[in-house]
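Have the sequence and the 3D view ready as you read.

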Amino acid sequence: MGKLEGKVAVITGGSSGLALETAKRFVQEGAYVFITGRRQEQLDEAVKQIGRNVTGVRGDAANLDDLDRLFDTVKQEKGKIDILFASAGKGEAAVLGEITEEHFDKEFGLIVRGTLFTAQKALPLMNDGGSIIMTGSVASVKGFPGFGVYAASKAALRSFARTWLNELKGRNIRVNVLSPGQVDTPDSQRLDEETRKMFESLIPRGKMGRPEEIAAAALFLASDEASYVNGLDFAVDGGFSAI
Ligand SMILES: NC(=O)c1ccc[n+]([C@@H]2O[C@H](COP(=O)([O-])OP(=O)(O)OC[C@H]3O[C@@H](n4cnc5c(N)ncnc54)[C@H](OP(=O)(O)O)[C@@H]3O)[C@@H](O)[C@H]2O)c1
């Protein structure tokens, strides 16, 4: 029997990268998953790769109407949610001095505002005892030049987790942040060789994380094995942020 037998999971940004790998793992463990992404073609390809027990709902996690459509679909098809993995996000670079309103609004609009309303709109469908996981980043505890706005937006998720778990304690809903280090996803594959080597030199094992390694950590946080794990900022980074 799988670790998520009979559970329903919603995964934003699940059409690629580490969240897609997590969706695959959740289904292998017995869950039904709803995944989102903005590009229909990518979403269709992801649904095909997952193969069964999946619904793709096209939408932008920063857009509140799209989020309403997502949760309407979940309500109609399954009527409940056990696991919310709010993972849609993207790190764009701009150093202090060159930060535009557009850059700030885009990063905070998706990562902070989008994640907040994703959780709030999911809540009426969430079963007591459910698990909310947000994708943070170890960037939030580091000081990478150019990633100040992205890092601050991810740090806000750690703060949300602390307040929300307290607000939701009567329903026994756990709220954790999963903070990956550098992971070899399509997004990271855009890095040039020099930047990639630089990142890898900072990781004790000298190799980036694999999406499967993030999926394993997400599975733990989603499952009853993590029943006593709440409010964590769970770094999955090969020790990068610890040294
Ligand atoms: N890869 C890393 O090294 C790393 C490290 C730390 C944290 N993270 C975080 O992990 C998460 C996933 O990263 P990844 O590297 O796996 O990314 P990825 O390979 O680029 O995949 C991201 C997925 O999210 C979707 N997406 C992007 N913006 C969206 C939006 N506004 N609404 C709905 N879906 C959206 C994308 O599809 P569409 O473009 O079609 O919407 C894509 O399917 C992000 O939150 C990122 O900040 C990644």
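## Where the ligand sits

The ligand takes up the space of the largest pocket. Here a pocket is an open set of points on a 1 Å grid over the protein atoms alone, with protein on both sides within 12 Å along at least five of seven lines. A molecule sits in one if more than half of its atoms lie within 2 Å of its grid points.

This is a predicted model, where local features need pLDDT of at least 70, side-chain atom pairs count only at pLDDT 80 or more, and totals for chains, interfaces and linings use all residues. Residues are numbered from 1 along each chain as its sequence is written, and side-chain values use heavy atoms, with hydrogens and water left out.

## Who touches it

Around the ligand you'll find 28 residues, and the closest are Ser15, Arg38, Arg39, Tyr150 and Thr185. (To be near, a residue needs a heavy atom within 4 Å.)

Now for polar contacts, meaning pairs of N or O atoms within 3.5 Å. A nitrogen atom of the ligand has a polar side-chain atom of Asp60 2.8 Å away. Ala61 brings a backbone N or O atom to 2.8 Å from a ligand nitrogen, while a polar backbone atom of Leu18 is 2.9 Å from a ligand oxygen. On its own the ligand has 880 Å² of accessible area, and the protein covers 93% of that (Shrake-Rupley method, 1.4 Å probe).

## A pair of rings

Phe104 and Phe108 are stacked, because their ring centres are 4.4 Å apart and their planes sit at 15° (pairs need centres within 6.5 Å; planes under 30 degrees apart count as stacked, over 60 as edge-to-face and the rest as tilted).

How values were computed:
Polar contact = N/O pair within 3.5 Å; in protein donor to acceptor, adjacent residues only side chain to side chain. 1 Å grid on protein atoms, 1.4 Å probe; cavity = no way out; pocket = protein on both sides within 12 Å on 5 of 7 lines; lining within 4 Å. Phe/Tyr/Trp six-rings, centres within 6.5 Å; stacked < 30°, edge-to-face > 60°.
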